[in-house]
Amino acid sequence: MSHLFDLAGKTAIVTGANTGLGQGIALALADAGAAVSLVGRSAPDETVEKIKAMGGACCTVKADLSSVDAIDDIITATRDQLGGLDILVNNAGIIQRNDAIDFTMEEWDSVLNVNLRTVFFLSQAFARACVDASQGGKIINIASMLSYRGGIRVPSYTASKSGLMGLTRALANEWAGKGINVNAIAPGYFATNNTAALQADPKRSAEILGRIPAGRWGQPKELGGAAVFLASDASDYVHGTTLPVDGGWLSR
Ligand code: NAP
């Protein structure tokens, strides 16, 4: 069965791969044999070091994903440096916390731009490249528990992640017939920069842990298996789904 999950000879783009979940996903894809293009605004030195230590291949592409300006460069630089384009993981994302009554346009637009607008146009560029090359591809969007629930004091984040789950279905409907699988992973509560404020707040942290059946925060490497599955031949007939990796949170 192991060949089903083998990514040798495949090239993957992972956005926001310098830290957190993106780093965990990039390392898992590299471990399964993929060459990984690490895309983001901060230098992913630690991720590069870890991939090299495991004997993997990678390249880096500097890009600020708050605008769509870098999209052509991401596609071209990845193909030029790694020689192909098979997998896109839309991981980079931000969150802004404020009462909805006081929420500013900047807090709204900044989140929607990174979490949804750039994701759509990068996915479109990736799909066009797949079609031009007469090949299929795998797109994996990183959704959230707030793709399912409303959350508190994070209206733009909830809108973006709920929209991302819908976009995953919409793109799957159009691109499944082209051999492009579009799916998402919905992480539960993972210990990263994104959740630092929650982890540091004893009341919120206790509330969150109290409703996670697994009884603990997730670790970034624990998203790796779901990412490898959705990036590999093992998921060839899986389209438009969002796979929760949440320690059971949604089941409560
Ligand atoms: P994180 O540690 O804050 O990482 C976010 C990543 O996105 C970083 O690499 C960051 O780069 C990058 N990024 C943000 N804005 C960017 C921009 N304008 N241009 C380029 N890169 C940008 O958070 P994380 O928890 O790993 O989050 C990764 C994804 O998982 C996000 O989409 C998040 O919404 C989602 N998620 C996380 C959790 C969780 O519990 N942690 C749960 C559900 C969903 P910099 O380091 O340069 O800022």
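## Helices H4 and H5

H4 passes H5 in a right-handed crossing (the near helix is turned clockwise from the far one by less than a right angle). This is a predicted model, where local features need pLDDT of at least 70, side-chain atom pairs count only at pLDDT 80 or more, and totals for chains, interfaces and linings use all residues. Residues are numbered from 1 along each chain as its sequence is written, and side-chain values use heavy atoms, with hydrogens and water left out.

The axes of H4 (residues 105–132) and H5 (residues 155–175) come within 9 Å and cross at roughly 15°. That makes the two helices roughly parallel (angles under 35 degrees).

## Aromatic pairs

There are three aromatic pairs in the structure (ring centres within 6.5 Å, using the six-membered ring of Trp). Phe-120 turns up here too, paired with Phe-121: 4.8 Å centre to centre and 75° between the planes, so edge-to-face (planes over 60 degrees apart). Phe-120, at 25% relative accessibility, is partly exposed, and so is Phe-121 at 32% (from 20% to 50% relative accessible area, with a 1.4 Å probe and protein chains only).

Tyr-189 and Trp-217 are edge-to-face as well, with centres 6.0 Å apart and planes at 80°. Their pair ties together parts 28 residues apart in sequence, because Tyr-189 lies in the loop between E6 and H6 and Trp-217 in the loop between H7 and H8. Tyr-189 is buried at 15% relative accessibility, as is Trp-217 at 12% (under 20%).

Note on methods: Axes are lines fitted to C-alpha atoms, for helices over the stretch in contact, and angles run from 0 to 180 degrees between N-to-C directions. Helices (H or I, at least four residues) and strands (E, at least two) are DSSP runs, numbered from the N terminus. Angles under 35 degrees count as roughly parallel, over 145 as roughly antiparallel, 65 to 115 as roughly perpendicular and the rest as oblique. Rings of Phe, Tyr and Trp (its six-membered ring) pair if their centres lie within 6.5 Å; planes under 30 degrees apart count as stacked, over 60 as edge-to-face and the rest as tilted.
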